[in-house]
Amino acid sequence: LVSFWSRSDSAMKFRLSEHAKTELLRRQILEDLVMQVTREPDQVVPARNGLECRQSRFLDKSTGKEYLLRVIVNPERTPNVVVTVYKTSKVDKYWRV
């Protein structure tokens, strides 16, 4: 595990896994944006194997299209571990009303 982010309260500490860090670079996603979604997501939905998906919608200014940034987190670890991260244009598929 490489990166470590924290705020003053211990409940908001996270680590970026090696895989997540690799995916950030490969998918050209800003770490600051991942930190923002991890700490203050628009939605938190269950994912497989006890993981959770923290997600937020964003407008891609270069294309004018809306996309969803999905941050998969292991909440059972202390501090929580960001397992992977990706963005998708399939907002309707993943967004929960």
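Author: Helices here are DSSP runs of H or I with at least four residues, and strands are runs of E with at least two. In this predicted model, the protein chain has 3 helices and 6 strands by that count. Read from the N terminus, the order is β-β-α-α-β-β-β-β-α.

Reader: What makes residues 52-60 a strand that is mostly covered?

Author: A residue is called buried when its relative accessible area is under 20%. In β4, 7 of the 9 residues are buried, so the strand counts as mostly covered. For the protein chain, buried residues make up 43% of its 97 residues.

Reader: How do you know that β3 and β4 pair?

Author: Pairing asks for at least two bridges between two strands. Strand β3, residues 43-46, has 4 bridges with β4, so the two pair, and they do so in the antiparallel sense. Glutamine 43 stands opposite glutamine 55 in β4. Their hairpin has 5 residues between the strands, and there asparagine 49 takes a positive phi near 55°.

Reader: Why are β4 and β5 called paired?

Author: The same cut-off of at least two bridges applies. Strand β5, residues 65-74, is joined to β4 by 9 bridges, so these strands pair too, running antiparallel. In one of the bridges, glutamate 52 has valine 73 of β5 as its partner.

Reader: Which residue takes a positive phi in the hairpin of β4 and β5?

Author: That is glycine 64, with a phi near 75°, in a hairpin with 4 residues between the strands.

Note on methods:
Residues numbered from 1 in each chain as written. Predicted model: local features only at pLDDT ≥ 70, side-chain atom pairs only at ≥ 80, totals over all residues. Heavy atoms only, no water. Buried < 20%, exposed > 50% of the residue type's maximum accessible area, 1.4 Å probe, protein only.
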